[in-house]
Amino acid sequence: MLSKFLISKFIKNYKDVNNKKVRDEYGYLGGVVGIILNLILFATKLIIGIISNSIAVTADAFNNLSDVASSVITILGFKLASKPPDREHPFGHGRLEYVSGLIVSFLVILVGFEFIKTSFDKIIHPSKVIFTLIPFILILISIGFKIWISRFNKTMGKAINSSALKASSTDALTDVYSSSCVALSLLLSKWVDLPIDGYMGMVVSLIIMYAGYSLIRETINPLLGEAPDMDLVNGLKEKLLSYDYITGSHDLVIHNYGPGRCMGSIHAEVPCDISIVKIHEIIDKAEKEISDEFSMYLVIHMDPINTTDEEVSLCRNELLDVLKTFSIIKSIHDFRIVGEGEHKNLIFDVVIDFNPRFSECDESNLEEDINKELKKLYPFYNAVMTIDRDYLGV
């Protein structure tokens with residue numbers, strides 16, 4: 001309830017999540033709330049750590065301080081990512097949001113590494129942890145705050161599909177686990193004389209470092225070029241096929257230049273006997289409407305398909321029967337016949353499942369095997385094929 005109240009109170013038109021300005025306001029709100037709450041938690045835990053002489057509590061306090069820096073970087077990331085395109089960056093600066101998340105991830109790992117050293121020193125040179133009830137209760141309260149921050153960031157991250165805010169949610173949830181370890185070490189110090197505080201500090205530090213590693217994986221994938229969201233892929237293809245005369249699609253490629261900044265290209269199969277002017281109007285309309293609906297820039301290449309020639313239809317159907325014996329082949333497209341008389345070429349693209357172990361040599365062997373099978377049906381025909389790998393798995 002509080003999350004929805006804050007969102008509706010401070011974000012105008014908060015339901016229009018495809019609006020870049022609204023999206024930025026989500027990021028700013030998440031950052032500001034994170035700064036305020038984490039500063040409160042840092043100051044509280046630092047005082048508790050000094051009073052109780054607990055390195056685990058102190059480590060957890062500085063973890064909250066790193067979260068303040070994370071929130072600041074998140075705000076800067078959203079601010080810089082919203083800069084308009086320029087000559088050097090014609091598709092905008094949206095990937096800076098991912099870069100800001102990457103910086104946050106390394107900061108988290110750095111904090112964890114520093115406190116591993118501090119906790120190890122605490123184990124080697126132990127000092128007694130003083131348990132007091134009020135600091136213990138305050139730690140439990142801070143756990144409740146972190147649970148709320150995690151849910152708050154998760155709600156906003158889902159609303160605008162932001163990897164940065166989703167990562168902040170995961171980071172806050174990790175703080176819940178680390179603070180729970182701190183609370184446990186304080187409680188056990190009442191009955192255990194071992195340097196349990198140092199060991200729990202090590203656990204907290206490892207949790208912090210693992211959180212940083214997880215954040216790096218989540219933020220670096222879009223920078224490297226991860227596969228597009230399958231809901232986007234399926235929705236885009238379904239929309240494309242709803243237009244008149246477009247009977248199929250293939251070779252979809254999507255480049256991500258930051259949240260809400262995608263560029264895509266796709267081949268649309270159309271009848272070869274339709275007016276070029278007419279199909280061009282349909283393709284132009286599809287490009288504009290699909291680009292607007294999916295908040296991306298889409299380019300559609302049209303592939304003319306012969307659907308009326310008997311020879312082409314017969315050869316295509318017999319080719320499909322032959323290819324059924326090859327389990328790796330998923331489909332074909334761009335099929336056509338070139339040449340005259342008995343000596344002709346069957347030209348087509350073969351789509352296979354993506355498999356890193358399927359080498360160029362394997363591709364050559366596949367082409368030879370397909371040609372051998374086709375020669376049994378058409379001794380004077382040659383198959384000229386291009387092998388496409390299905391990176392999307394659709």
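Guide: Contact here means heavy atoms within 4.5 Å. The model is predicted: local features need pLDDT of at least 70, side-chain atom pairs count only at pLDDT 80 or more, and totals for chains, interfaces and linings use all residues. Residues are numbered from 1 along each chain as its sequence is written, and side-chain values use heavy atoms, leaving out hydrogens and water.

Visitor: In what order do β4, β5 and β6 form their open sheet?
Guide: Helices (H or I, at least four residues) and strands (E, at least two) are DSSP runs, numbered from the N terminus. Two strands pair if DSSP finds at least two bridges between them. Pairing in this three-strand open sheet is mixed, and the order is β4-β5-β6.

Visitor: Which strands of that sheet stand at the edges?
Guide: An edge strand here has a single partner strand, so one side of each is left without a neighbour in the sheet. That applies to β4 (329-340) and β6 (381-390).

Visitor: By how many degrees are neighbouring strands of this sheet turned against each other on average?
Guide: Axes are lines fitted to C-alpha atoms, for helices over the stretch in contact, and angles run from 0 to 180 degrees between N-to-C directions. For this average, direction is ignored.

Visitor: Which residue in β5 is the bridge partner of His 333?
Guide: β4 and β5 (residues 343-353) run antiparallel, joined by nine bridges. Within β5, His 333 has as its partner Asp 349.

Visitor: Which helix packs on this sheet with its direction at about 140° to that of β4?
Guide: The helix spans residues 310-323 and touches β4, β5 and β6. Its name is α10.

Visitor: At about what angle to β6 does helix α11 run?
Guide: α11 covers residues 360-377 and lies across β4, β5 and β6. Its angle to β6 is about 140°.

Visitor: Which residue in β2 stands opposite Val 253?
Guide: β1 and β2 (residues 262-271) run antiparallel, with seven bridges between them. Opposite Val 253 stands Ser 265.

Visitor: How do α2 and α5 run relative to each other, roughly parallel or roughly antiparallel?
Guide: Their axes are 11 Å apart, at an angle of about 170°. Angles under 35 degrees count as roughly parallel, over 145 as roughly antiparallel, 65 to 115 as roughly perpendicular and the rest as oblique. So α2 and α5 are roughly antiparallel.

Visitor: How many nonpolar residues does the contact of α2 with α5 have?
Guide: Ala, Val, Leu, Ile, Met, Phe, Trp, Tyr, Cys and Pro count as nonpolar, Asp, Glu, Lys and Arg as charged, and the others, Gly among them, as polar. The contact has three charged and five polar residues, and its nonpolar residues number 16.

Visitor: How many residues apart in sequence are the parts that the pair Arg 23 and Glu 97 ties together?
Guide: A salt bridge is a side-chain nitrogen of Lys or Arg within 4 Å of a carboxyl oxygen of Asp or Glu. Arg 23 and Glu 97 form one at 2.9 Å, N to O. Arg 23 lies in α2 (residues 20-52) and Glu 97 in α4 (residues 96-124), so the pair ties together parts whose separation in sequence is 74 residues.

Visitor: Are Arg 23 and Glu 97 buried or exposed?
Guide: Buried means under 20% relative accessible area, exposed over 50%, partly exposed in between (1.4 Å probe, protein chains only). Both Arg 23 and Glu 97 are buried.

Visitor: Are Lys 288 and Asp 292 buried or exposed?
Guide: These two form a salt bridge, with their closest N and O atoms 3.2 Å apart. They are four residues apart in α9 (residues 276-293), so about one helical turn separates them. Both Lys 288 and Asp 292 are exposed.

Visitor: What is the relative accessibility of Lys 376?
Guide: Lys 376 forms a salt bridge with Glu 373, at 3.3 Å between the closest N and O atoms. Glu 373 is partly exposed, at 30%. Lys 376 counts as exposed, because its relative accessibility is 63%.
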